[in-house]
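User: I have just opened this entry and would like a short tour. Could you take me through it?

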Amino acid sequence: MAFKGENQMTDILQMVKSKDPNEKEFHQAVGEVMESVKPVLDRNPQYRKAKIIERLVEPERVIMFRVPWLDDQGEIQVNRGFRIEMNSAIGPYKGGLRFHPSVNLGILKFLAFEQVFKNALTTLPMGGGKGGSDFNPKGKSDNEVMRFCQSFMTELFRYIGPNTDVPAGDIGVGGREIGYLFGMYKKLRNEFSGVLTGKSLNWGGSLIRPEATGYGSVYFAAEMLSARNKNLEGATCLVSGSGNVAQYTVEKLLDIGARVVTLSDSSGYIYDEEGINREKLEFIKTLKQIKRGRIAEYAQKYSSAVYTPVDPSLEYNPLWNHKAMCAFPSATQNEINAKDAQNLVNNGIRVVCEGANMPTMPEGIAIFLENGTLYGLGKAANAGGVSVSGLEMTQNSMRLSWTREEVDNRLKMIMQSIHKTCLDTAEQYGTPGNYVNGANIAGFVKVVDAMMDQGLV
Ligand code: NDP
């Protein structure tokens, strides 16, 4: 069906592409949202007049800076640091920091753009931002990581604050990095405040924050199924990644009686026919959080598991070619291409629930939607992490700590609310069951209405 503003939308996407031709992940993220919101623009000509899309795709502020640091050999290293302050219409900028050699402006702009709509869905007052560095924490000593984090913060501290911009973790940034970053911020500002989330419990962190993204993703999958009178009990699940999101996805799946058979890292994946039980999960947590080892070691320890290294000559990822009812991609962007999506569908997949940000390529999403797969996109399904970050900010402001049960209940309620909002919005716009449209439209309307209220700023 053609929409009145079809040409205008194509022009805007073209403009975004020609302005920054190398930012392909950003183009992908913008393209997906624009496709979903066409009918909203047709119903609301005031948005077009206000050039709302043109304003949304332009970050409010982009900060890029040099991060020099000394390695253990006394050699000088130089990395690049970034913070994208994308949109503050509904609250302070909020979003994680990613430390990974692949980090560049395009990847962080895509993540910041997604974050704007995700945060709007959470019901909490948070704008969208994202940041990070091309620093690779792998193989670095704790002291090197500390020196890097300190140098990174000596520049970033100028731009962030508990009412301005509140970063958190993402790939390569966990409790250790947040600790070093917080320490330096506190020293520079002489102020103990809730400027970062994902802090340790004894200095301002929230219970359930480490678990929140994984738990939330499973709560979202459970909601998708429960709306169809089904559940996850006994379901065979494929999980990718083996970091923060993947570990707590497995933990919650075990809590509710599902069976998880895969995990991965950037070197390969394991398939454990017997399923990953609690003891094996504890092994993974120690392996990844403390020893910082590789997933291949799982198969050395447990003979029920087969390890398959990454084969760059393959056009698909064999992890997604096993029989299962649910898939929880929880590693990184674009990890499911069209062939992977087709393999999943051929193997009888019913639910795809994204712990990672934008793990499915557009052609893969189309295959899921055509085949009636319950497809929970990252923006909605992985919003549990930032939601509990929002709850951490609330606890910091109130100077108190909620119990585990209190935070977990709030997380569950937020995930249920996000699910309902997506479902209702999709229905309202004539695409029942389409979570992509539901999430994009609901997030978009909340943010752009706030922008309209606040005038041309
Ligand atoms: P971690 O750094 O804890 O773990 C990342 C995992 O993904 C590791 O197993 C890593 O393997 C793997 N991985 C990373 N990059 C690649 C790659 N290019 N190819 C293959 N595997 C890769 O990060 P998180 O678990 O925090 O984040 C995972 C995903 O979830 C990301 O997309 C992130 O944006 C998203 N997310 C995270 C949230 C959070 O609260 N942490 C919130 C919402 C979304 P290896 O160790 O070999 O690099």
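User: How far apart do the centres of domain 2 and domain 3 lie?
Analyst: This is a predicted model. In it, the C-alpha centres of domain 2 and domain 3 are 27 Å apart.

User: Which residue ranges does the domain assignment give?
Analyst: The assignment gives domain 1 as 8-56, domain 2 as 61-191 and domain 3 as 212-381.

User: And how many residues does the contact take from domain 2 and from domain 3?
Analyst: Eight residues of domain 2 and eight residues of domain 3 take part in the contact. On the side of domain 2 that touches domain 3, five residues are nonpolar, one is polar and two are charged.

User: Now the ligand. Why does it lie between domain 2 and domain 3?
Analyst: Both domain 2 (61-191) and domain 3 (212-381) contribute residues to the shell around the ligand, so the ligand lies between them.

User: How many residues surround the ligand, and which are the closest?
Analyst: The ligand is surrounded by 22 residues. Gly243, Asp265, Ser266, Ala356 and Gly385 are the closest.

User: What does that shell have by class?
Analyst: There are 15 polar residues in the shell around the ligand, along with five nonpolar and two charged ones.

User: Which helix gives the largest share of the shell?
Analyst: That is helix α9, residues 244-255, with three residues.

User: What unit does α9 make with β6 and β7?
Analyst: Together, β6, α9 and β7 form a right-handed β-α-β unit. Strand β6 covers residues 236-239 and strand β7 covers residues 259-260; they pair in the parallel sense over two bridges. Within this pairing, Cys237 has Val260 in β7 as its bridge partner.

User: In what sense do β6 and strand β11 pair?
Analyst: β6 pairs with strand β11, residues 326-328, in the parallel sense, over three bridges. Opposite Leu238 stands Ala327 in β11.

User: Stepping back, how many helices and strands are there in the chain?
Analyst: The secondary structure of the chain comprises 17 helices and 13 strands.

User: What about the box that the C-alpha atoms fill, and the radius of gyration?
Analyst: Along the principal axes, the C-alpha atoms of the chain fill a box of roughly 60 × 55 × 45 Å.

Methods
Residues numbered from 1 in each chain as written. Predicted model: local features only at pLDDT ≥ 70, side-chain atom pairs only at ≥ 80, totals over all residues. Near = placed C-beta within 6 Å. Helix = DSSP H or I, 4+ residues; strand = E, 2+ residues; numbered from the N terminus. Nonpolar A, V, L, I, M, F, W, Y, C, P; charged D, E, K, R; others polar. Domains from an automatic or database assignment. Contact = placed C-beta atoms within 7 Å. Pairing = 2+ DSSP bridges. Right-handed = clockwise from strand over helix to strand, strands pointing away.
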